[in-house]
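Work through the exercises below with the model open beside the text. Each task is followed by its solution in steps.

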Amino acid sequence: MSGWPLLLVLVGGAPSATPPPHLDGATQVAVKIDEFVERHWRSIGVRPAEPADDATFLRRVTLDLAGRIPSRREAQAFEQDTSADKRARTVRKLVESPEFALHFANVFDESIQGGRAGDGEFLAWLRDSLQAHKPWDQMFREVLLGPWDTGDRKRAERFLARRLANVDELTNDTSRAFFGVDVTCAKCHDHPLVDDWKQDHYYGLSSFFNRTYEFKGKDNKDSRIGEKEAGEIEFVTRGGENRKARLMFLSGQVVEEPPTFDDARLAEQRERAKKDGTYLPPPFSRREQLVRVALEQRMMFSRSLVNRLWAYLTGRGLVHPVDQMHSANAPAVPGLLEWLGDDLADHGYNIERLVAAICTCRVYALASHWPYPGTRPAPEQFTLAPLRPLSPKQLAISLVLATGDESFDESPNGAMEPAARAERHRQLEGQAGGLVEWLDPRSDAFQSSTGEALFMSNHPALQKLVKPDGGNLAARLAQTVDNAQLGELVTWTVFSRRPVVEELSICADWVVRHEADRATACRDLVWALVTSAEFRFNH
Amino acid sequence: MNCDDCNGSRRRFLHDAGAAALGMSLGGLATPYDPLLADELRGRNKQVLLLWLAGGSSQLETWDPKPGRPTGGPFKAIPTVTPGVHISELMPKMAKIMDRTAIVRSLDTRIADHGTAAELMETGRTREPRLVYPDLGTVIAKELAQRDAQVPDYVSLYLATEGHRRPNPGFLGGRYAAMHLNRSLKPENIDRPEGVSEVDHADREHLREYLSERFNRAREATEVKGYNSTYARVRGLMRSDTIFDLEQEPAEVRDRYGRTDFGEHALIARRLIEAGVPMVKVARAWWDSHADNFESHRELVTELDHVMSTLLLDLEARGLLSSTLVVTLSEFGRTPDINKDVGRDHFASAWSFSLSGCGVRGGSVHGKTDDDGRTVADGKAGPGDVMATIYKAVGVDPTLHYEVGLRPVPLAPEDSAPIETVLA
Amino acid sequence: MLDPAQLKSKATYPRPGAFYSLAGNLANRRLYAGNSDHSIQVFDLTAEKKEPAAVWTKHDNFVSALAFVPRPPARLAISGSYDRTLVWWDADLGEVVRTVTAHEGWVRGLEPFPDGCRLASVGDDMLVRLWETDSGKPAGVLAGHALHTPQGHPTALYAVAISPDGRFVASGDRVSEVRVWESDSGKLAQMFQVPILYTYDPRQRKRSIGGIRSLTFSPDGGRLAVGGMGQVENVDGMAGKARIEIWDWRQPTPLAALEAEGHKGIVNHVQFIGNDWLVGAGGGSDDGFLAVWRPDATLPAATAATAGATSSTEPSEIKPLAPVRLIKTGGHTHRFVLHEAAGELYAAGHGKLEVLGWL
């Protein structure tokens, strides 16, 4: 990437220039991933499915990185592109696009905030951070430590602020979001299954948070997250013994707290702060220590992110479930998680580089149908791409895009400025907003509800999208006289691929049968395609 | 490929797609909720009707009165048709038919804040961070649902704003998610949209289904099968909106239930049960009488007495009570001690719930509280036991396990057991 | 002369349970207090000890109403209870003279006529019943309050008051209707609604709270003070403003609204002192309270009844008046008795009987 000129990008009002992400070495990382995986396949004697075809690949990677299906133009252009490295180039293009930040902010929001996802301020901070290619360790620091002195920076504080009332929630959520570990069980007893997590670990981790509180200041004017100078956690072991918790990270590393001594100057500062009602930071910050220790130890922190990104993109973590990273739960592919963790840490926790690498590797590009006789393989072998349901936002945006008028990627001279692209994406989001609440959320073992089916079948908002209107898809179909062309148009637009002969017949027959009312026929054709399984899933 | 082949394949999968399509091709004439027909076709299956008394109803003003005690309040106890069993004087109608109903007086469930306690009583256990338990209704819907059902599996009514809770299907997923009514008695998205004819609506669904099945040919993915099955149920669900239409009931019946909201909802519940919906939950909110408890419960319990007795007798008259389990349950009870606002506060240490109908030993009482109602004196039962009892009453094995990932999860928690005293 | 600034507690008689009713033989300083434990406890204020001098047991439920009626040479105490009966007592001997099943529902209130010859009781059968004091025989029934709330739920008839000249009886119910009757003919003289005092929540909690909990005539008979609780957002709590309205009942027109700013709760008992002062007691979110108001001394004089007149001033237009003194009683207060000559007030409620004074 050296030698590329700095692009001046105006996004969200941020005045500073944001250079493209450094994706150097992503291809080499992908090669390394392939090495580990293929070695593993050989050792367990399995063979993978075939690679996914071009159209499937493009749709998959556009959904994963931009949060939407490809437009018809994008899909057709990709098919016509004959260059050998078009897939790798497309991955890079998508990672560098402003749509990546817009979409991946949602992905990180769910991952970090869990049940509390959807906080507008935090989401905006995520978007800006991804837009600025902020590395993961910096994001971690900003969420747990700040600084939160400006309006923009204060948005990162939301994670802590929402969990201040409950130190257990704060401990658990931080541990799951950043270290891939759910230690809840260890609170009451040593973890029944896992030797790693004892009560000491739970309370040890909690101790990094127990002095954190909301400082209100005089007349509530200076509300902020503060940390007290003193305060210990005491707990009762299962054996009934009273124990004082040590500052201990999940790795077992203990942080020794420097002894307090009476410092006249400090005492004076305390007096003054008390009198003025201002905040005085403690001489020793436990939370700061947590960030320091976690980054020094680096294994848990880096592997946790690798695992989550791998899970998001391939459908399953190398360690599964993603918040059960411990010694009794070995990663599915020996050596890979460890190597990628080191690689991530060694390259400045560069998120985009890792994402690009995973999207370029062989596992990511496998087909989702199993070509061999016999049962489908176990998911932890990574020999077959799973079906992944679209998230409500992905589905809603894709519905709007597919049924719309193609103004999304209309551009006078072919190329589009990133700012314009971001703006178009935001417009799609705006139009799709009202649909999201009706659509089934993503989860492990996805199941659809009749609520969504009823919505898609009967709600006026959906009918509005599929009805011929202006230059939208249904209208253009109704105006297409040649039935074969009609079939091509609808398949390329909705399924992002070329139709097979049988499908052209199906469409033609459909239209012919409803000849009396072509408009209605086209409406219902569009409806049937956008509600079909092929559209609903990332496959 | 020509038109005939296409039509042929359409006819073929019409046949395959099951009763949903079949019902449609009869021109919508079949009335799937004709009780006699339904009975003939499949025998009467078990059903559950949960009356969720949201906010915490007072056991001292309902099933476990303590007249004359400092904690008893001003309401007396009255005898019931079951010798030796007394309930609050606020429930004279239930007293007359107490032989259909069993009471458990010894619940000790510890948790006394609304949200956590509601989740506890809905699922039978405390929440785990990684495992989201389905609520009782979703489990019942799954275990008792009929394969070719034309009606929803699980209908939930909560038409108040306070304490509103939507049933959570948890790890059982969307397949058995409740049809939940919160803002109006009209189920959402149940009417065919404007501009789409009956024929078009059905036709396009056939096309959708055909395309989806083509897509799944090479994959055989259960997610896709599940996805398609929800669409297959849409037509049946759309027809079920007449069940919610109270105009279909004679005025005499409507008057009998009373024209209060709760009365109407109970009547709809009876219609749903009659139509074969396996699981119905009707919430009566909001019982949280921190102030003026006696006056509030006078109002609420009088209504409960009337509605519940009307409902039980109506179900019985229609031959439905022996196959329907009717449960009254709250998230907790209320304090024996009266507070400064002449109210009772949250109390989970010694409270009651009731069961009537299917699988229940009518007239039985399990458990005792002490003279003032402060602690359980005998027969302590927890939320898991409530679940186990309900499951067993309708013939569902509470020790059945679901596989969640690699982890077996029992329907009722391992350390719980059905309360045999109240089971037939 | 009432000097409200001086009103303060003088003695407390802590007792278990809650006192719902209170009557006093002011001449010999004896109080009769009806409790939720079904007893009537007799206190001798001249005695040293804080325990009751006597405890009368007869009732089978809360003793919700008490009246002391001297009928020389006898002295009677009459009690009303949720057990639906009225019991006549020899106040000196503490013996039951007679028991009458008075209402088909809880007895909620009882007032003697000023001449002592008759009593009026109200109960949840929504009737005002008149009784001959000496014989216990029924002396009239006043019916008209609705038997159910508009939503079809059970209702209550909480309060009764008798005009100082004995010509009128007023009753107030749960759905905030006040009726004034001619006590001799039984004819309805006037009726009006005070809807702010009854809250039905159809959307959030589907339940009601409130009602006219207290009624009293002004000494000149032209005004009625009506006590209860203003509208609440959350019917789970007694979290509405404690509120009293003074009406010219003949018009009927609201004349004044009395609230205690920032003070939440329900007013259980009100009484005038002279035409100028009003004392109210109650309980709620802010614990029990006693408050003294001085409604505008220039309130228009009571006018002759205007036939067919309806309320002409919107109550909400009237700016509520704050009390000149408010005491937190530390417990929900249900009833008080005034002893103007001695400058004392006796208040009964949850957990205690209290003696206060202003001289």
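**Exercise 1: chain contacts**

Task: determine which of the two pairs of chains in contact shares the most contacts.

Solution. Chains A and B share the most contacts of the two pairs of chains in contact; two residues are in contact if their C-beta atoms, placed from the backbone, lie within 7 Å. The model is predicted: local features need pLDDT of at least 70 and side-chain atom pairs pLDDT 80 or more, while totals for chains, interfaces and linings use all residues. Residues are numbered from 1 along each chain as its sequence is written, and chains are lettered from A and ligands numbered from 1 in the order in which they are written. Chain A and chain C are joined by no contact, and their closest C-alpha atoms lie 21 Å apart.

**Exercise 2: the side of chain C that touches chain B**

Task: describe the side of chain C that touches chain B by element and by class.

Solution. Step one: 26 residues of chain C are in contact with 25 residues of chain B. Step two: strand 1 (8-25) and strand 18 (207-210) of chain C are the elements that give two or more residues to this side; strands are DSSP runs (E, at least two residues), helices likewise (H or I, at least four), numbered from the N terminus. Strand 18 of chain C gives the most, with three residues. Step three: the classes are six nonpolar, 13 polar and seven charged residues. Here Ala, Val, Leu, Ile, Met, Phe, Trp, Tyr, Cys and Pro count as nonpolar, Asp, Glu, Lys and Arg as charged, and the others, Gly among them, as polar.

**Exercise 3: a sheet in chain B**

Task: give the strand order of the open sheet of eight strands in chain B, and its edge strands.

Solution. The order is 6-5-7-1-8-11-4-12, with mixed pairing; two strands pair if DSSP finds at least two bridges between them. Strand 6 (179-181) and strand 12 (365-366) of chain B are the edges, each pairing on one side only. Within the sheet order, strand 1 (residues 47-54) and strand 7 (residues 279-285) of chain B run parallel and are joined by seven bridges. B:Leu53 stands opposite B:Arg284 of strand 7.

**Exercise 4: a helix pair in chain A**

Task: characterise the contact of helix 5 (residues 98-113) with helix 18 (residues 418-432) of chain A.

Solution. Their axes come within 8 Å and cross at roughly 35°; axes are lines fitted to C-alpha atoms over the stretch in contact, with angles from 0 to 180 degrees between N-to-C directions. Helix 5 of chain A contributes A:Pro98, A:Glu99 and A:Leu102, and helix 18 of chain A contributes A:Pro418, A:Arg421, A:Ala422 and A:His425. These residues divide into four nonpolar, one polar and two charged.
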